[in-house]
Each structure stands twice: as C-alpha cells, then as structure tokens.
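Keep the structure in view while reading.

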Amino acid sequence: MSVEIRKVETVKDLKKFVRFNIDLYKNCQYHVPGLIDEEIMTLSKEKNPAFETSDAAYFLAYKDNRIVGRIAGIVNHKSNEQWNQKYVRFGFVDFIDDDEVVDALFGAVEEWARGFGLDHIHGPLGFTDLDHEGMLVEGFDLIGTMATIYNYAYYPKQLERLGFVKDLDWREYKIYIPDRVPEKHLRIGEIVKKKYGLKILKFKRRKDIWPYAQRIFKALNKAYAPLYGYVELSQKQIDYYVNMYIPMLRLDMITIILREEDDEVVGFAITMPNLSYALRKAKGSFFPFGFIHLLKALYSKPKIIDLYLMGVLPEYQGKGVNALIFNDLIPVYIGLGATYAESNPELESNNAVQAQWDYFKTEHHKTRRVFIKKL
C-alpha cells in the first residue's frame, strides 16, 4: 500500500506527531523519551516565541492506516538572514526503515520549502540551539541523554541514500571525574580570579537565582554567537526558557562566574544529574507518576553528571575561566560520588572547548551529524 502524507493541522494531530517517537522506540533500551507536554509546547505556534521569526510545518506518514513516520520543516528566517542562507531545517524526524516512507516524508518538506524560495535542506535541527539537534552516527549501543537525539542506525543510511552529505559533526565525551581538582587548574583559577577581578557565585535558595537568570541567557547569547547556525535568543525566548528551565535546576550543580566591578556574568555552567533512566521510567509523561522518578533522580547522588549548558563570554575565552568553573564543580561531583560526566554535543571544529578536557581522562563515545542537501 502506498504512503499517505498528512499535514498536522489540529492539536490531536500534534499529539500523535509527538507520541510517534515514543511508540517507535518503546522497545529500545537506549532511547530517552522527552516529555510529551514539553515537546508540544516547543511545536506550538501559540506557545513558542520562536515563531515570531520562524515558520514551520509538520507531516505524518501513514501506511496501512498506521503512522510510520514524522518530520518537521522549519524556516528560521532570522537565521537565514544572519548567516546569508536560504535553508530549510528538518527536525523532529522519525521513521521506520522503509524507502517509500522516507522519500515521502522528505519530499513533503522539500516541496513545502520551495514555496519560500529556499535552496538547501539541512538538519536535524530545531528552532534554536536549545532544541534537540544532530543525528546520531556513532554510539547506537549507548543510552542517550535528556539533551540529545537517539536514533536507529538506519537513519543516517537513509539520508545518504537520499543524497544528503555531512555538513558538520558534534562529538560527545565521557569525562571521568578525578579524585581531586588538578593542581594546574587550582593555580590557573587563582590567577584568573585576581587578574580579572572575578568571583564564584553559588545559590542556596531557588529565589536567589532569579535575579541572575536573565543575565545567564544573555551571556549564553554572546558565548554561542559564532557557533553553527546559532541565532541570538530574543527577550521573549529568554523569558520562555527561564520559566521552563530554572524551576527544575539543582542549585549545588550550578556555578556562575561574576565580574566583581559590575556583577556581570562572564561564565556559567548549568549541570545536572543524568536523568536518562528517570525519563525512560516516566515514558513521556510528567503525571501521574513521571514526576516522582524525575524528582528522585534530580536530588539523588548521581553516578553520571550531564554538562547541560556552559559558556564563557568571548573576551574571557582561553583565559582560564573554565578552570575556575571546574575548580568549584569537581569537589561537588566528588562529594556526590559521581563517576563521569556527559559532555553532550561539542562541535568537532571547536578546539578550544575540547582542549578544556586535556587534564582529564576522557572517552569520545558518540558522534552526531547535521546533514545537508541541495533542493
């Protein structure tokens, strides 16, 4: 039976679109499902402020009256203007291993994109860098993280069959927690503090972080500006992410570096206990019992740490601020009994970021890729 493509038009359709990922991977021990309500918010034109500068369309593939694939087409107009491109992004993509299904899904996005006069398709990407991005091409036998996509090994093979090629890769590392802070880090940290007038800020009460939340995201905007496809978050987007993420953070695992003279955030690290197994138990739902698994994992003594968001202002990069951050966090991880941290994706071309692990035992265990094709 031929494949039927249906455009998502209703809330009911959107729920089916989100649910398909969980259904497709229900028997996969390495897949980490997201929260259904959170993904619906991301895809909702009424709730996600990214739609102020983006257009999107979502498609479901049916075969034998059964959903067998999904894909989103996203035109980030602000990104295209900033990077001088005419690109459509594809994302939120899942499918069974069926050539006809894959052809129909990507064909639908490509046809939709031509209406905007675009000339390339690339992905998987979301609306912003804080959405899931990059298709797994190495590490299929390892459990994913909350911040990343897991996909079957046939996905990249299908894209290559369609004529997609590598645009860039992200690497992911296990960084093993040392039994003490490296001596060189300690020395560098003290020098940096005195030379640039910096101090470490920690939080004991959740209300104390709110005055700095906006400043953290504004520092992120500056730190991430040169990175692949990055577009500065608007004030509405910052508000959106602050309200989404700040309530769920674990305070002892956050480190902020401030410039003493003006209280400016020059560096930050938002790290968390790894929530992969808790999210698997939640099966996409916060209620009625998913929140119990997540809260238990969030306030546990984790063996695995997720390095969720880290950044340093451009004018302080390469000057030892990262050492100052880890001088604070490593004792926290040791106290928790953590074994290693997941770096989450790092651009293969970002040598400065990867160099910060030179004093640690590391393992490059996963690679994910953005593919591109001319329309």
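Which residues lie nearest the centre of the second largest pocket? They are E9, L14, L43, E46 and Y58, out of 15 residues that line this pocket. The model is a predicted one, and every value below was computed from it.

## The second largest pocket

The second largest pocket holds about 340 Å³ of space. At least two of its lining residues come from each of helix 1 (11-24), helix 2 (36-43) and strand 2 (54-63). Sorted by class, the lining of this pocket has eight nonpolar, two polar and five charged residues.

## Helix 1 and helix 2

Helix 1 and helix 2, which both supply residues to that pocket, also pack against each other. Their axes come within 10 Å and cross at roughly 130°. Because of this angle, helix 1 counts as oblique to helix 2. The crossing of the two helices is right-handed.

On the side of helix 1 the contact is made by L14, K15, F17, V18, R19 and I22, and on the side of helix 2 by I36, E39, I40 and L43. This contact has seven nonpolar and three charged residues, and no polar ones. L14 and L43 take part in the contact, and both are also among the residues nearest the centre of the second largest pocket.

When a probe the size of a water molecule is rolled over the atoms, it shows where empty space is left. How many cavities of 30 Å³ or more does the count give? The count is five.

The largest cavity contains about 90 Å³ of space. It is lined by 15 residues, and those nearest its centre are N76, F127, T128, V231 and Q237.

What is its lining made of, by class? There are 11 nonpolar residues, with no polar and no charged ones. The residues are I175, Y176, I177, P178, L307, F326, I330, Y333, A341, W357 and F360. Strand 7 (165-176) and helix 11 (321-336) each give at least two residues to this lining. Helix 11 has the largest share, with three residues.

## Helix 6 and helix 11

Helix 11, a contributor to the lining of the second largest cavity, also packs against helix 6 (residues 183-196). The angle between these two helices is about 115°, and their axes are 8 Å apart. The crossing of helix 6 and helix 11 is left-handed.

Residues H185, L186, I188, G189, V192 and K193 of helix 6 meet V321, A323, L324, F326 and N327 of helix 11. By class, this contact divides into seven nonpolar, three polar and one charged. F326 belongs to this contact and is also listed in the lining of the second largest cavity.

## Helix 4 and helix 5

The axes of helix 4 (residues 99-114) and helix 5 (residues 154-161) come within 11 Å and cross at roughly 65°. Helix 4 is therefore described as roughly perpendicular to helix 5. Their crossing is right-handed.

The contact involves D99, V102, D103 and F106 from helix 4, together with Q158, L159 and R161 from helix 5. Three of the residues in this contact are nonpolar, one is polar and three are charged.

## Backbone details

Most peptide bonds are trans, and most residues other than glycine have a negative phi. Some places in this model depart from that pattern. Where are the cis peptide bonds described here? One joins G123 and P124, with omega about 5°. P124 sits in the loop between strand 5 (120-123) and strand 6 (135-138). Another cis bond runs from F287 to P288, with omega near 5°. P288 is in the loop between helix 9 (276-282) and helix 10 (290-298).

N65 has a positive phi of about 60°, although it is not a glycine. N65 is placed in the loop between strand 2 and strand 3 (66-76).

Methods
Residues are numbered from 1 along each chain as its sequence is written. This is a predicted model: local features need pLDDT of at least 70, side-chain atom pairs count only at pLDDT 80 or more; totals for chains, interfaces and linings use all residues. Side-chain values use heavy atoms; hydrogens and water are left out. On a 1 Å grid over the protein atoms alone, a cavity is a set of points where a 1.4 Å probe fits but cannot get out, and a pocket is an open set with protein on both sides within 12 Å along at least five of seven lines; lining residues have an atom within 4 Å of a point. Grid points are joined across faces, edges and corners, and a volume is the space filled by probe spheres set on the points. Helices (H or I, at least four residues) and strands (E, at least two) are DSSP runs, numbered from the N terminus. Ala, Val, Leu, Ile, Met, Phe, Trp, Tyr, Cys and Pro count as nonpolar, Asp, Glu, Lys and Arg as charged, and the others, Gly among them, as polar. Axes are lines fitted to C-alpha atoms, for helices over the stretch in contact, and angles run from 0 to 180 degrees between N-to-C directions. Angles under 35 degrees count as roughly parallel, over 145 as roughly antiparallel, 65 to 115 as roughly perpendicular and the rest as oblique. A crossing is left-handed if the near helix is turned anticlockwise from the far one by less than a right angle, and right-handed if clockwise. Contact means heavy atoms within 4.5 Å.
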